[in-house]
Amino acid sequence: MNAKRKKLLYNSVTFGIVILAFLLCNAFYGEMSRSLRGQLIPICCWIVMAVSLNLVVGISGELSLGHAGFMSLGAFSGIVVSGWLLNGFGMENETLRLILAIVAGGLVSGVFGVLIGIPVLRLRGDYLAIVTLAFGEIIRNVMNCVYASVEGQSLSLGFLNPNLPGKLLLNGPNGAVSVGKIATFTAGFLLVLGTLIVVLNLINSRIGRAIMATRDNRIAAESVGINVTKYKMIAFVTAAVLAGMAGALYGLNYSTLIPGKFKFDQSINVLVFVVLGGIGNTLGSVLSATVLTMLPELLREFSDYRMLVYAVLLIAMMLITNTPASRAFFNNLKGLFRRKELHQAVRASQAPQETGKGGKQG
Amino acid sequence: MVFLSNLVNGISLGSIYAVIALGYTMVYGIAKMLNFAHGDVIMVGAYVAFCAMQYWGFPPLLALLAAMAVCTVLGITIESLAYRPLRQAASLAVLITAIGMSYLLQNLALLIWGANPKSFPSGALALPTLNLFGGRLTISGVTLLSILANLAIMLALTTFISRTKMGKAMRCVSEDRGAAELMGINVNLTISVTFAIGSALAAVAGVLLCSAYPVLMPTTGSMPGIKAFTAAVFGGIGSIPGAMIGGILLGVIEILGKAYISTELGDAIVFAVLIIVLLFRPTGLLGKPIREKV
Amino acid sequence: MSEIIRKRNANTKMVPVPSQSIIPERDIDKMPVLECKHLGIDFGGLTAVEDFNLIIGKTEIAGLIGPNGAGKTTVFNLLTKVYEPTRGSAMINGIDMHGMDTVAASRHGIARTFQNIRLFSNMTVEENVRIGLHNQVRYSMASGILRLPSYWKKEKQQHEKALELLSIFGMQDMGDVQAGSLPYGAQRRLEIVRALATNPSLLLLDEPAAGMNPHETQELMDNIIRIRDQFQIAVMLIEHDMNLVMGICEGICVLNYGKIIAKGTAEEIQRNPVVIEAYLGKQNGKNGGKEAAEA
């Protein structure tokens with residue numbers, strides 16, 4: 001099987017699983033327990049978070065520890081836009097409001113993605129990771145000081161200043177109160193689908209190859225004319241936009257939401273999904289986000305030990321995939337198949353040249 | 001006078017950061033990895049000291065020694081089990097492992113000691129308070145102790161690194177691990193000793209931290225840990241005097257920022273310092289630049 | 001007044017303006033692909049390259065030789081803008097390279113391979129070449145995500161172009177093989193193909209024959225000449241294998257301690273006493289030294 005076919009199969013399986021899962025959920029919606037039903041929308045949000053973080057960690061190869069910050073930006077801007085449209089313009093149509101709120105969440109998060117990306121992507125490795133963590137914490141800190149209210153059609157924003165006219169939408173550390181719960185599972189499914197289309201198509205395009213080139217060998221990528229910062233930026237901002245959209249959907253699924261919800265722990269949570277799904281593996285991110293979000297709900301006993309188990313899995317996963325001994329083991333498994341392929345190709349390529357040479361000498 | 005007392009508080013907090021940052025900077029300088037779990041070793045140290053004093057009735061000094069012993073063993077164990085197999089791996093994998101280790105320690109602490117905050121016996125050290133300017137400026141015993149401890153540790157470490165054979169080995173491993181190995185230096189042992197020293201310092205920092213801010217929870221160490229890393233970067237990663245200067249400056253910036261800008265934004269200010277330093281002087285105040293080989 | 005002026009002039013250090021260079025006769029009415037004037041770089045207090053003057057003709061195969069640590073790879077790094085020169089200037093196709101970065105250097109036609117191979121080893125052979133084609137066959141990000149017709153057209157074009165380039169070295173059937181699992185010689189060849197994909201006017205090869213057996217080296221020599229003829233480009237190569245250098249290089253430049261100690265044709269270089277001394281004095285037993293001495 002050639003590389004192109006493999007990719008096609010992989011993408012088809014990914015989309016197939018997601019669509020099938022959506023249909024099954026709709027068909028058995030009546031039989032689901034209440035808590036499971038309540039999990040459907042968050043699952044969609046976490047899938048989008050995991051797939052988008054995977055774009056940064058797996059495809060562009062930079063560890064981002066502030067992904068929850070973008071979700072937070074998206075969530076609160078989505079909530080503000082939704083509240084503004086409802087209270088200021090009397091827009092009753094929930095679907096339209098949801099769409100606009102998600103778009104707004106993505107835009108705000110994307111703008112901040114650019115602003116944060118410019119300084120962050122000048123750094124490398126550990127420093128880059130720690131600065132994304134710093135930005136995530138700054139966002140949380142700053143969100144604690146933001147107030148927003150709507151009066152008539154005008155929206156007022158306040159920083160460290162809760163004395164705003166009209167109906168308060170954001171209340172600093174107390175976050176958003178009496179949010180209209182307008183998120184729907186269908187919207188979540190469509191967002192997941194859209195995310196997969198964007199991410200998978202991006203990976204299998206000229207842009208995606210350039211991003212992977214910057215990950216695999218920065219110096220070589222530059223030498224063939226690839227602007228490393230630009231392509232890392234594309235990955236970073238795309239992920240920020242997607243996280244913002246997921247955040248907006250997430251925020252509009254609860255009646256109250258505080259900025260403290262998007263702590264560093266949430267960024268790590270998403271990182272756990274990515275790592276356990278296999279770094280760089282989009283389908284893996286989808287599956288692990290789904291399973292790991294549902295598990296604490298299904299197994300009450302598990303939720304006490306959840307973070308402990310995650311921590312152990314994180315370490316185990318890294319030790320298994322990165323130590324020379326285990327690598328050699330997996331390469332041997334793969335090699336049985338691959339080496340044959342390689343030898344055939346090498347032999348095929350050498351044959352005509354050899355005869356060509358003989359002809360010249362003769 | 002308010003400013004002066006803020007300044008003293010800043011220096012006190014900064015001294016604690018500096019002790020933590022020393023551990024960070026040694027590990028980063030020699031093992032070339034960001035030991036994300038360092039902050040949680042501090043928490044473990046504080047819990048051990050707490051248990052020693054509260055339940056077993058140890059005197060403070062003995063409790064401190066017990067905490068240092070436990071943390072040293074913990075540090076060496078973490079290094080040999082989780083980090084050593086990844087010596088050759090990409091920094092992404094090492095950092096993720098370290099984050100995993102941080103969460104592992106936090107959640108083990110949660111299981112052992114519970115989520116309820118313990119109040120650290122602050123009076124345990126029973127140090128005299130210094131009153132200056134007719135009682136208008138008071139400097140607590142813990143503050144003085146932190147500053148003195150910090151100075152002593154820095155002097156001891158500098159001497160150790162520059163005078164002893166192990167110190168020389170550490171400098172070699174830091175410069176070029178491969179060459180050090182070829183010269184017959186036991187790299188594994190050297191890195192283990194580095195972790196041992198860093199973790200013992202973490203225990204000291206934990207006791208100092210909880211004496212000054214007597215609330216002890218499983219997450220107590222993580223935020224000071226990250227801030228201390230900021231301090232280490234600020235001073236120049238790998239540099240021992242740098243860690244001290246960076247720590248104290250950061251402590252002062254944090255306290256003054258909280259006092260004069262906004263209490264809510266204290267952490268944001270600290271992280272903004274990190275970002276600004278990394279962008280404009282990535283090698284920190286006292287660090288040396290590194291050139292990538294093509 | 002006049003006294004001050006005289007003093008200033010007395011302090012001026014005078015240097016010879018471009019020392020003599022040679023290019024192939026066939027290239028004399030074309031603009032030289034590369035023109036370096038007084039190029040130099042210091043690392044701290046160490047002068048790695050000094051007063052590097054060189055002109056390379058439009059279709060010349062030039063050699064850059066010299067003992068280890070002479071500064072050969074540093075010259076490549078200066079030309080590809082990995083380092084910004086401390087002094088002097090370089091012109092690619094008549095355009096001053098001052099202020100360019102690596103990406104701009106690539107866009108203006110400089111492509112290179114690396115001494116220690118730098119492939120995208122987790123990707124397939126074809127993907128490696130496609131990445132080289134990044135700036136040659138372009139379509140927008142939106143087109144890629146939405147799979148617009150231009151995406152399909154350009155992807156097909158990339159595929160065909162990649163196979164065509166791979167066929168130079170007879171590697172067209174290895175497109176799906178992971179680059180990192182190729183044999184060493186094939187990895188070096190793939191790096192050349194990737195560099196060619198960027199449509200260069202000057203191809204810099206850093207020890208292309210390192211680790212190759214005599215048979216492979218022979219083939220490589222044929223291929224370098226073929227590439228030059230087919231693409232009408234200039235090639236500059238660093239190599240320790242004197243058979244290869246003396247066999248295919250038209251103009252040769254010898255570097256020692258960061259300075260050019262000789263320039264000329266293969267014959268001239270082999271006879272040059274300064275070169276013989278540099279090689280024999282430093283690297284007694286080496287192949288290159290013997291070659292130079294025998295000549």
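**Note on a predicted model: chains A, B and C**

1. E207(C) is buried, with 20 other C-beta atoms within 10 Å. Buried here means that 20 or more other C-beta atoms lie within 10 Å of the residue's own; exposed means 12 or fewer, and partly exposed is in between, with C-beta atoms placed from the backbone. The backbone at E207(C) has a positive phi of about 50°, although this residue is not a glycine. E207(C) sits in the loop between β7 and α8 of chain C.

2. A word on conventions. This is a predicted model, in which local features need pLDDT of at least 70 and side-chain atom pairs count only at pLDDT 80 or more, while totals for chains, interfaces and linings use all residues. Residues are numbered from 1 along each chain as its sequence is written, and chains are lettered from A and ligands numbered from 1 in the order in which they are written.

3. Is D51(C) buried, exposed or partly exposed? D51(C) is partly exposed, with 18 other C-beta atoms within 10 Å. Its phi is near 50°, a positive value in a residue other than glycine. D51(C) belongs to strand β2 (residues 46–56) of chain C.

4. Now take chain C as a whole. It holds 12 helices and 10 strands. These are DSSP runs, numbered from the N terminus: helices are H or I with at least four residues, strands are E with at least two. Of the 295 residues in chain C, 47% are buried. Look next at contacts, meaning pairs of residues whose C-beta atoms, placed from the backbone, lie within 7 Å. Among the contacts in chain C with a separation of 6 or more, 68% join residues 24 or more positions apart.

5. Chain C is assigned two domains: domain 1 (27–109 + 200–295) and domain 2 (121–199). Such bounds come from an automatic or database domain assignment. The centres of domain 1 and domain 2 of chain C, taken over C-alpha atoms, are 27 Å apart. Their contact takes 12 residues from domain 1 of chain C and 11 residues from domain 2 of chain C.

6. Which elements give two or more residues to the side of domain 1 of chain C that touches domain 2 of chain C? They are α3 (102–107), β7 (202–206) and α8 (214–231) of chain C. α8(C) gives the most, with 4 residues. By class, this side of domain 1 of chain C has 7 nonpolar, 3 polar and 2 charged residues. Ala, Val, Leu, Ile, Met, Phe, Trp, Tyr, Cys and Pro count as nonpolar; Asp, Glu, Lys and Arg count as charged; the others, Gly among them, are polar.

7. Chains A and B also meet. Here 34 residues of chain B are in contact with 35 residues of chain A. On the chain B side, α4 (91–113), α9 (222–235) and α11 (266–280) each supply at least two residues. α4(B) gives the most to this side, with 13 residues. The chain B side divides into 26 nonpolar, 6 polar and 2 charged residues.

8. Strands β1 (residues 146–151) and β2 (residues 154–159) of chain A pair in the antiparallel sense over 6 bridges. Pairing requires that DSSP finds at least two bridges between the strands. A148(A) has L157(A), in β2(A), as its bridge partner. The hairpin has 2 residues between the strands, and G152(A) takes a positive phi near 60°.

9. Finally, the domains of chain A. The assignment gives domain 1 (3–306) and domain 2 (323–362). The centres of these two domains of chain A, over C-alpha atoms, are separated by 43 Å.

How values were computed
Two residues are in contact if their C-beta atoms, placed from the backbone, lie within 7 Å.
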